[in-house]
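Hi,

Here is the structure I promised to pass on.

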Amino acid sequence: MTPLKHLPAWKALTAHHKSMRHFDMRNAFREDAQRFNRLSLRCGNLLLDYSKNRVTAETMELLKQLAVESGLPEYRDAMMRGERINFTENRAVLHTALRAPSRPPLRVEGVDIEAEVAKVLGRMQRFVESIHNGSWLGYTGRPIRDVVNIGIGGSDLGPAMVCAALDHYALESIRVHFVSNLDPAHLAITLKSLDPETTLFIVASKTFTTLETLANANSAKAWLLSALHAPAAVSRHFVALSTNAPAVQAFGIDPDNMFIFWDWVGGRYSLWSAIGLSIALLIGWGNFQALLAGAHAMDIHFREAPLDANMPVILGMLGIWYGNFWGTDTYGIFPYDQRLRLLVPFLQQLDMESNGKNVNRDNKQVNYNTGPIVWGAPGTNGQHAFFELVHQGTRLIPTDFLVAAVNPTPLADQHEWLLANCLAQTEALLKGKSRAVIEAELIAQGMSREAARALAPHKVFPGNRPSNTLLYQKLDPHTLGMLIALYEHKVFVQGVIWQINSFDQWGVELGKQLAPPIRAALSSVRVIGEHDGSTLGLIADIRRRRGLST
């Protein structure tokens, strides 16, 4: 494998960046009336406007060359064929197969993947419909009214985000709640308003050994049994999303109520699988299928569109351009859509757990930046929290703005103002405001020239700051599926360029290994294991505060 920095396109981009240091997007728009048309594209009802970026036609051509030289088309096709591109875990990466309604059969090592997926989807559909039509009853004969999804990471962030985003499609008969945190307050607060007789728990853990999930599941089971006083009630109020049938059965869940998924489904890519059961329960099976169909539409676009007209490729390569040539470390995502309030936490896991790596496919340390720090919040809240940094701070922060043309819950002219604010922020980032203009405005308002000169520097907006805008008709299941798949593939594109494995997550393991001896030391009569001085001091102070000997 040729090291990334040795590729001809990388070297050409390095030289090109030097020539772009003084590039001004404002001049580019003045000189090219067609810049928006040239630097925007559509996929279904999604419009990506990337014209407000520090790029030229040459920039985009060089980025495309880098993608080609990095083998992006080949890696993309290998992923979709089911090759084991997750090489550190020797696994295929086939979340795209979870949402493919029809195409030539996909066989991986003799297994008909799509037949397996269809089988699980069929079982999910029957279960969802049994809850909705009331044929599935709790232990005391009452129908289910509340569903609590117990999981963590991808088993929580994905379905929780989708359920929040599509709450306007929620069925009136079902409420869905999510519990993930090991902090007992999360479960306790959730259970406080629920009735054990009408509550169903979904325990989402592939191995059925995840500490946080099992701790919350056992506490939920104790809560249920304290009210219903019958171990048999567990099988009517708990189902599992797992592959560990013996552990599921030992917990008290009927194996017939265990919905499987496979080792080629990564946690952060799992909402399309049985992990999406809570989504289907909330919005209905037809809307869940529409979510899958939207993702599949983006899969087709990613697989078939030319690289220079490929939405995930363009977003991914723009991230490479800023992160590796302009030296940006962070990436802001601002959905002007309250229903997408959980999108940023979801994308934080998707991006940072996937590409927060420092070793390449040749098992060597990389000598360039990989995954960015992802952050953001819904507009207009973000405008009143941290946009000062984006507009006037010392850092260059590439940003994505997401907004719907139509709001499903219109109130007076509020959505018009939301749209106006979204577009105004991207325009302000582009245009900025000069010191001379500000001084003239202050003087026109009656301020002395001396005072205006003193105040004006504090009100300057440098401008020339990059942003992408993703515009869609309205937030419906199909559109949301497209948006999620867009970001999935964008992250994949960048992982290929950086020559890393985007599909493992070894970085979460060390803390898990260190936790058990610390847990024992917090309550035992002696310190267990070897710890640094800081950790020993913290253990001693916690023991003192809890009335234990030190």
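Helices here are DSSP runs of H or I with at least four residues, numbered from the N terminus. This is a predicted model, where local features need pLDDT of at least 70 and side-chain atom pairs pLDDT 80 or more, while totals for chains, interfaces and linings use all residues. Residues are numbered from 1 along each chain as its sequence is written, and side-chain values use heavy atoms, without hydrogens and water.

Back to that pair: α5 covers residues 72-81 and α20 residues 477-498, and their axes come within 10 Å and cross at roughly 125°. Axes are lines fitted to C-alpha atoms over the stretch in contact, with angles from 0 to 180 degrees between N-to-C directions. On the α5 side, Leu72, Tyr75, Arg76, Met79 and Met80 meet His489, Phe492, Val493 and Val496 of α20, contact meaning heavy atoms within 4.5 Å.

The other pair is α1 (residues 8-19) with α4 (residues 57-69): their axes lie 8 Å apart, at an angle of about 155°. That makes α1 roughly antiparallel to α4. The residues in contact include Trp10 and Leu13 of α1 and Leu62 and Leu66 of α4. This crossing is left-handed, that is, turned anticlockwise.

Cheers

How values were computed
Helices (H or I, at least four residues) and strands (E, at least two) are DSSP runs, numbered from the N terminus. Angles under 35 degrees count as roughly parallel, over 145 as roughly antiparallel, 65 to 115 as roughly perpendicular and the rest as oblique.
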